[in-house]
Amino acid sequence: MMVWREWLLWHRQSGAGLTHMFVLLAAILLPFGLGPNLPLLRSLAPGLMWVIVLLAVFLSLEHMFQPDAEDGSLDELRAMGGSYEAVALAKACGHWLAVLAPLAVSVPLAALLLNMEMAALGWLLAEFLCASPALSFLGSIGAALTLRVKRGGLLLGLIMTPFYLPLLIFALGGFGQATSLLVLSGFSLAALLLAPIVAAAGLRAAQQ
Amino acid sequence: MMAQGFAAALEALGLPLSGAARFAPFALEASDMGLARGGKTLAHSLSFGLRNGEALAILGDNGAGKSSLLRLMGGLLAAPRGALVAQGAPACHYVGHRPGLTAALSLDEHMRFWAARTLPRTERQRLAALVQLEGLERRRTDQFSEGQRRRIVLLRLLLVPRAVWLLDEPFGALDEAGKALWQEAVAAHRARGGAVALAGAQSLIAPTRRLALGAAAQKAEG
């Protein structure tokens, strides 16, 4: 039930749309910024795509808890869900479904704009899918910890960097090999289990 | 007339608030409990109790800690000293200044979310009619007036049966009809064994006991 609500909210309050726009906009601008050097684009494409995706997801994180905390819905969500952990879990799942899953459409489009070759595109998608739960769940930690912080965007960036860097390194280091998929899936699994607990602590502190 | 209309409407809708089913016995007890928020101590030693059918009126000036006390009772705030002991594990509805209405969702969607079961269209229309908002189900909550939103919050209390209602100045923007509606609902809730803790406008319900915070408490003591 909560996840249904999350789906509606992400689509109405501009959070999900913005993420797609960012990805496409970046993919349109980069070829112009880097010059009409097709081989260059092709070799840089995986790294560029990953950075674009990470930044796009980062932009959406602010909207995960903030609106509900402001209008008092967070209290009611906790009452209905029974615990902050349940709320954090539902929020992360909702984010994954509403923001990340649809990126499976815009990411290939963007990759094509960057002249990525088809085989690499397949790998990129596979890596993205394996890592996407990690992106949502680790993001929920950052979003929850910066909930009542003024200028929380700055702190959010600081928190997300040590999460994002390993993901990026493993994704690109093993690009094209199965090991990267395994590692990313491992990250996702760990995030799925641990993030709700950490995010719940952040929510609890914010609501005091 | 209003009472009969309201009760009949609740019966017709089969809402938890109607009918003979009563809340299980519970007791909230606080003895020598402190109250603090944001590092600031609001009260040193509070003692009170709340049981089925009772109504607690919380008095105090702005900033005395009425909202904080209600949040504490709802489990949203921790007590710095002592504790609130809840026997019978009653569930609470907390209705604060920002009552948890999501601007981007419509009245319809709120009802479906709260009901947590399939609500047929006719039932939704009757619920909206109950709070005098019929025909407006499709409208987003940010397009309602403040008084109308207060009536929407009442629907949440009616749809989700929880024993304790913690109301933080709920009558603010309501007109007479709206206030009467809330009074009916509170009376019906208490008749079923529920309890209410209310800050502000206690003349509208009949409190069984009063608790004063801040300067009001000091005035009372001497």
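How do the residues of the lining of the second largest cavity divide into nonpolar, polar and charged? Three are nonpolar, four polar and two charged. Here Ala, Val, Leu, Ile, Met, Phe, Trp, Tyr, Cys and Pro count as nonpolar, Asp, Glu, Lys and Arg as charged, and the others, Gly among them, as polar.

This is a predicted model, where local features need pLDDT of at least 70, side-chain atom pairs count only at pLDDT 80 or more, and totals for chains, interfaces and linings use all residues. Residues are numbered from 1 along each chain as its sequence is written, chains are lettered from A and ligands numbered from 1 in the order written, and side-chain values use heavy atoms, with hydrogens and water left out.

**Stop 1: the second largest cavity**

Select Arg5(A), Ser73(A), Glu76(A) and Leu77(A), then Gly100(B), Thr102(B), His110(B), Phe113(B) and Trp114(B); these line the second largest cavity. A cavity is a set of points on a 1 Å grid over the protein atoms alone where a 1.4 Å probe fits but cannot get out, and lining residues have an atom within 4 Å of a point. α5 (73-81) of chain A and α3 (107-115) of chain B each give two or more residues to this lining. Helices are DSSP runs (H or I, at least four residues), numbered from the N terminus. The space is about 40 Å³, counted as that filled by probe spheres set on the points, which are joined across faces, edges and corners.

**Stop 2: the largest cavity**

Next, select Glu6(A), Leu9(A), Trp10(A), Gln13(A), Gly15(A), His63(A), Met64(A), Pro67(A), Asp68(A) and Lys91(A). They line the largest cavity, with about 100 Å³ of space. α1(A) gives the most to the lining, with three residues. By class, four lining residues are nonpolar, three polar and three charged.

**Stop 3: α6(A) on α8(A)**

Show residues 84-100 and 118-145 of chain A: helices α6 and α8. They pack at about 135 degrees, axes 9 Å apart. Axes are lines fitted to C-alpha atoms over the stretch in contact, and angles run from 0 to 180 degrees between N-to-C directions. That angle makes α6(A) oblique to α8(A); oblique covers what is left after under 35 degrees (roughly parallel), over 145 (roughly antiparallel) and 65 to 115 (roughly perpendicular). The contact (heavy atoms within 4.5 Å) includes Trp96(A) of α6(A) and Phe128(A) of α8(A). It has nine nonpolar, four polar and no charged residues.

**Stop 4: α3(B) and α4(B)**

Move to chain B. The axes of α3(B) and α4 (residues 121-130) come within 11 Å and cross at roughly 110 degrees. The two helices are therefore roughly perpendicular. Pick out Met111(B) of α3(B) and Leu127(B) of α4(B), among the contact residues.

Key: 1 Å grid on protein atoms, 1.4 Å probe; cavity = no way out; pocket = protein on both sides within 12 Å on 5 of 7 lines; lining within 4 Å.
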